[in-house]
Structures are given as C-alpha cells and as structure tokens.
Amino acid sequence: MERAKRASRGTRKRAVPLTEAGICTSALRLIDADGVEALTMRKLAAALDANPMSLYHHVPNKEALLRGVARMVGTRFRTVTLEDAPWEERMRLLATDFRTLAHRHPNFMAYSFSQPDFIQPEDPFWVELTAVLGAAGVPESEIPQVAALVCAVVSGVMIAELNGALHRWSNLQPTPPASGEDGPTNEGSGEDRMFRLVLDTIISGLESRLGVDHTGERDGQPPQSSRSASGLIPRQLRPSAARREGEPAGNPAAERTAGFDPNEL
C-alpha cells in the first residue's frame, strides 16, 4: 500500500486559524532571533506552516506587519504609576521600565527608535511621561516639546546602548595607554551607571529650568532668586552690558545658557 502523500504546505487545514495577533507574535520571535532585516513574509509563512499568500489576508505587506508588531510591543509596556510619589521618582521608574522593554526586544526596539512615528499619543509611555511632566510643573503648552526632547535623549542613549556604541565610547581614552598597559574598562554595571547618569542629567535640567521659570521676571521685576540667570553663565561667555540692554526678550541663546551652572559639573 502506498503511503498517503502529505499535503503540501498551505493546502492542508490548520489546527489553529491564522490571526493578525498570531502573525505578529511569530514575526516578533523571528525579529528577536535574526533582526528586522532578515524578516521576510516567506520566512514568516514557513514559521507559521502556512502558505505565504495567506498572510496577505491579514497584513498587506511587511511595513504593515511591522506596525502591527510595534502596537503589540507597545501594549506590553508596563510601568507602575505612583501618582503620590515625587515626579523625579516617577520619571526614573518610567525610563527604567522603558529600558527594560528595549532590552527584552533589542532588535525590534533598535529598529523602532529609528522610525519617526515609533511613539504615538495613545502609547502608555507617552501618556505617563506627559503626566509626570505636568506633575513636575512644566507649563501645559510646553509639555509636548519637553516630552519630545526627553524621548529623543532616552531613545538616542538606548540606540547607542543596544548597538554597543555607548560601551565603546565610555572606554575611549584621551591618549593611548603606555605600552604593555591596559586602559580602565567599565564592565558589568557600567551601562546601568551611565543610564542613571542620563536620568540625573534630564531631571537636573528640568529642575533647573523649572526653577528659573518659577523665579523669573514677574510684572517687569527681576528674579527674586539669590542666583540670577546671568550668574549661572561663565564670565567669559556673558554678553556685554550694551548687548544685554539691546537684546530682545526671550532670546533663545540666552534661554539655553541660563540653566548652566559650572559648579554643578
């Protein structure tokens, strides 16, 4: 008796029907293993034991597939909301949880960070970030801009961390070590320490900016702070008195330097 021929892939009935969620889950597994560039619809179909053409009933192309994976990964982001905690603590927890997610799916997150739309208004990270900035006292009109800058800094650091550049840069030496000597390295928790330094810098910058805003000019009166804005700028970088008198209010250059305190470095 001849053995019954096994039905070719895609023609036999699947025990579990294809779904967009199942397709995205399988795609993420392949991305975790080999990266976004290695993912093809044919490889995905093989992993699902399905006909490649059947995938297109659920996702029209690879771009749409990656958007679906991004939505799925976004729903996996979890952070503990501590509404009664200081905003600095909430900011640290939020960023740390975001970093944890990035390290859970490094290939996909490195790809996502390079996309301009990888964060959407409804994303839990963005929702919590804007809430934290509001609790910190950032004016409502400025929250989107400040949140965008925080995202740019954190995602930039994460890209450098995931591709190994941050580790390499942190071990660069001003001059080559002497013959036969090894320069110091930052192994183990070095990246953790640098990430905390990034958060310290972000939070210190926000505290400085908010401090200037809260003690700034009111009704034409100079700031009441014991340290004026000009006192935070190194003497050699301060403009002349004539220039200060003729400088228009709200000068962007002045605003950028007003939060710089050399004593805090």
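Is glutamate 20 buried, partly exposed or exposed, and at what relative accessibility? At 35% relative accessibility, glutamate 20 counts as partly exposed, where buried means under 20% relative accessible area, exposed means over 50%, and partly exposed lies in between (1.4 Å probe, protein chains only). The model is predicted, so that local features need pLDDT of at least 70 and side-chain atom pairs count only at pLDDT 80 or more, while totals for chains, interfaces and linings use all residues. Residues are numbered from 1 along each chain as its sequence is written, and side-chain values use heavy atoms, with hydrogens and water left out.

Salt bridges were examined next. A salt bridge is defined as a side-chain nitrogen of Lys or Arg within 4 Å of a carboxyl oxygen of Asp or Glu, and the count by this rule is seven. Glutamate 20 forms one with arginine 71, the closest N and O atoms being 3.3 Å apart. Because glutamate 20 lies in helix 1 and arginine 71 in helix 4, this pair ties together parts that are 51 residues apart in sequence. Helices (H or I, at least four residues) and strands (E, at least two) are DSSP runs, numbered from the N terminus.

Another salt bridge joins the side chains of arginine 92 and aspartate 200, at 2.7 Å from N to O. Here distant parts of the chain are linked, since arginine 92 belongs to helix 5 (residues 87-104) and aspartate 200 to helix 10 (residues 190-214), 108 residues apart. Arginine 92 is partly exposed at 32% relative accessibility, and aspartate 200 is partly exposed at 31%.

Helices 5 and 10 are also linked by aspartate 192, in helix 10, and arginine 99, in helix 5, which are 93 residues apart. The side chains of aspartate 192 and arginine 99 meet in a salt bridge of 2.9 Å, N to O. Aspartate 192 is partly exposed, with a relative accessible area of 32%, whereas arginine 99 counts as buried at 12%. Salt bridges with shared partners join Arg99, Glu161 and Asp192 into one network. The charged end of arginine 99 also sits over the ring of phenylalanine 195, 5.0 Å from its centre; for this term, NZ of Lys or CZ of Arg must be within 6 Å of the ring centre and within 35 degrees of the ring normal.

The structure holds six aromatic pairs. Rings of Phe, Tyr and Trp (its six-membered ring) pair if their centres lie within 6.5 Å; planes under 30 degrees apart count as stacked, over 60 as edge-to-face and the rest as tilted. The pair of phenylalanine 108 and tyrosine 111 is tilted, because the ring centres are 6.0 Å apart and the planes stand at 45°. Both residues lie in helix 6 (residues 106-113), three residues apart, about one turn of the helix. Phenylalanine 108 is buried, with a relative accessible area of 1%, whereas tyrosine 111 is partly exposed at 25%. Phenylalanine 113 and phenylalanine 118 form an edge-to-face pair, with 5.3 Å centre to centre and 85° between the planes. One aromatic cluster is formed by Phe77, Phe98, Phe113, Phe118 and Phe125.

In helix 2 (residues 41-48), the buried residues are Met41, Leu44, Ala45 and Leu48. These residues lie on the same side of helix 2 because they cover an arc of only 100° around the axis, the arc being that of the directions from the helix axis to the C-beta atoms.
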